[in-house]
Amino acid sequence: MPRPDATRRSGTGAAVAGMTMVTIGAMVANVASYLLHLPAGRWLGPAGYGEFASLLAAQLVVAVPALALQTVVAREVVHGRGTAPMRRLGYRCAAAAGAVALIAVPLVAWALDTSVAGAFGSLVTAPLLVLLAAEQGLLQGRGRFAHLSVVLAAAGVAKVVPAVAVLAAGGGPGAALFAGALGTGAVAFAASVLVGRSDGASAGTAPTSVRAGHVPGAGAVLRASQVQLALIALTSIDLMLARMQLDADSAGLYALGAVATKIAFWLPQAVGVVLYPQMANPAKSAGAVRSALTVLVALGGALVAAAAVCAPLVPVLFGDAYRPVQSLLWLFALQGACLAVLQGALLSAIAGNRTRLAAVAWLGLVVEATLMVAYATTVDQFVAVAVATAASTAAVAAVLALRAARAGDPGTGAGGADENAAPHPDPR
C-alpha cells in the first residue's frame, strides 16, 4: 500500500504535469491571439483598432455559455457522466447561443457604433465556441490534459491565422472576425474526433458514482453561465465603456493597454483548468481551492513585474501613437492578475454548486460601470477604476471561497445554499 506522502507527491507531480501541458497549449493560443493585435493595431489604426477590440469584447460576452458549458461538462464527467448526454447538452446550448447571437447583432452594432456586418462577424463565433467547449469539458473532466492542450493550441491558431490573412488582404474588423469563426468551427469538429478516439483510453478510469436519474440540463448551464457572465463582463465592460465614453483615439489607446490585462488574466488559466476536477471532488476541494488561489496570486505578481519591465517596448512594437500607454502598462496587468484570482474563486463556486458567490462579482460590475460612467473621462481614470474594482472584488470572493471550501459543504457560500443544485456524491 503506497504511503500517504508518496501519494501526495504523485498527485502533486500529476497536477504540475497537467498544468505544464495546459499552459503550453494555452500559451500557443494566447500568443497567437496577442499576435493578432500587432497587425490589427498597425493596419487598422487607433480608431479602427478600437472598433476591432470592442467587437472582440462583445464576442467574449456572447460566448459565455461556452465557458459555462465546459465547467458543467467537466464537473459531470468527474461524477461519472458519459459522453453522449454531455454532447446532447452541448448541441442544445449551441442552438441557444446561436439564437441569442443573432438577436444581439443589431444591438451590438448600435451600442458599439459598428456596422451590422462587423457585429455579425464577431458574434457568429458564439455557437461554434459552445460546441468546442463541450469537447474540451469532456477532456478536462477525464484529466486528459495532453489532448486538451492540443485542442487549446489548435483553437487559438485556427482562429487567428484566417483573421490575419483577411486583415493583410485589406479586410475590416468584421470580415477578419468572421474568418476566425470559420477556423473555430473546424477545430470544434476535429476536437470531437479526438475525444471519440480517447473514449476507450479513458473508459477504465472514469468514476462509477453517477447520479441516478439526474440528467444535467439547461438549468445547470444557466447557473454556471451567470457566474461566468459576471466574470467576463468584468473583463470586458471597461473596453466597451471606453469605446462609448472616450474619443476614438483614446479608446484605441485603452484597447491596447487592455492587451496586458488579457495576458495577465488568461495566462494562468491552466491553474484552474487542471485543479478544477479536484475542486469538483468534495474529498479534495479545500486543498485544491487553496492551492489554486495561492498559485494565481504568485503568478499575478510575476506578470505585473514583467509588464513594468517590458513597458518601454510598447512604442517600439506598436508605434509612437501608443506611447501614452507605456506608463500604465503595469496597472493594466494588475487588473488582469486580480481578475485571474477572481476566476479561481468563481470556478470553485461552480465546481461545488455554490453559484451564489457570483453576487460578489455582479456587485463589483455595477460599481465599476457606475464609476466609469459618472466620473472617468480619461484613460488614466478608466484604468484606475478598473484596477480598484478588480482588486476589491477578487479579495472578497477569494475569502468567501476559502471559507466555503474549508467548511466542506457544497451548499454553503456567499448567500447560503444553492437551492437548485443537485447533491454531489463522493466520486471516489
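Author: Buried means under 20% relative accessible area, exposed means over 50%, and partly exposed lies in between, with a 1.4 Å probe and protein chains only. The model is predicted: local features need pLDDT of at least 70, side-chain atom pairs count only at pLDDT 80 or more, and totals for chains, interfaces and linings use all residues. Residues are numbered from 1 along each chain as its sequence is written, and side-chain values use heavy atoms, with hydrogens and water left out.

Reader: Is Arg323 buried, partly exposed or exposed?
Author: Arg323 has a relative accessible area of 43%. That value lies between the 20% and 50% cut-offs. So Arg323 is partly exposed.

Reader: Which residue meets the side chain of Arg323 in a salt bridge?
Author: A salt bridge needs a side-chain nitrogen of Lys or Arg within 4 Å of a carboxyl oxygen of Asp or Glu. Here the N to O distance is 2.8 Å.

Reader: How many salt bridges does the structure hold?
Author: Another one joins Glu76 and Arg75, with the closest N and O atoms 3.8 Å apart. Both Glu76 and Arg75 are buried. For the structure, the number of salt bridges is 3.

Reader: How many residues apart in sequence are the parts that Arg87 and Glu135 tie together?
Author: The side chains of Arg87 and Glu135 form a salt bridge at 2.9 Å, N to O. Arg87 lies in helix H3 (residues 83–112) and Glu135 in helix H5 (residues 125–141), so the pair ties together parts whose separation in residues is 48. Helices here are DSSP runs (H or I, at least four residues), numbered from the N terminus.
Both Arg87 and Glu135 are buried, and the separation is 48.

Reader: What is the volume of the second largest pocket?
Author: A pocket is an open set of points on a 1 Å grid over the protein atoms alone, with protein on both sides within 12 Å along at least five of seven lines. Volume is the space filled by probe spheres (1.4 Å) set on the points, which are joined across faces, edges and corners. The value is about 640 Å³.

Reader: Which residues are closest to the centre of the second largest pocket?
Author: Lining residues have an atom within 4 Å of a point. The second largest pocket has 23 of them. Helices giving two or more residues to this lining include H1 (4–62), H9 (248–266) and H11 (285–310). The closest to the centre are Tyr34, Val259, Ala260, Ile263 and Cys310.

Reader: How many residues of that lining are nonpolar?
Author: Ala, Val, Leu, Ile, Met, Phe, Trp, Tyr, Cys and Pro count as nonpolar, Asp, Glu, Lys and Arg as charged, and the others, Gly among them, as polar. The lining has no charged residue and 1 polar residue. The nonpolar number is 22.

Reader: What accessible area do Ile24, Val28, Val157 and Val161 have together?
Author: These residues form a nonpolar patch on the surface. Patch members have over 30% relative accessible area and no salt bridge, and nonpolar side chains are joined within 5 Å. Areas come from the Shrake-Rupley method with a 1.4 Å probe. Together the area is about 310 Å².

Reader: What is the phi of Asp113?
Author: Most residues other than glycine have a negative phi. Asp113 has a positive value. Asp113 lies in the loop between H3 and helix H4 (116–123). Its phi is near 60 degrees.

Conventions. Patch = residues over 30% accessible without salt bridge, like charges linked within 9 Å, V, L, I, M, F, W, Y side chains within 5 Å.
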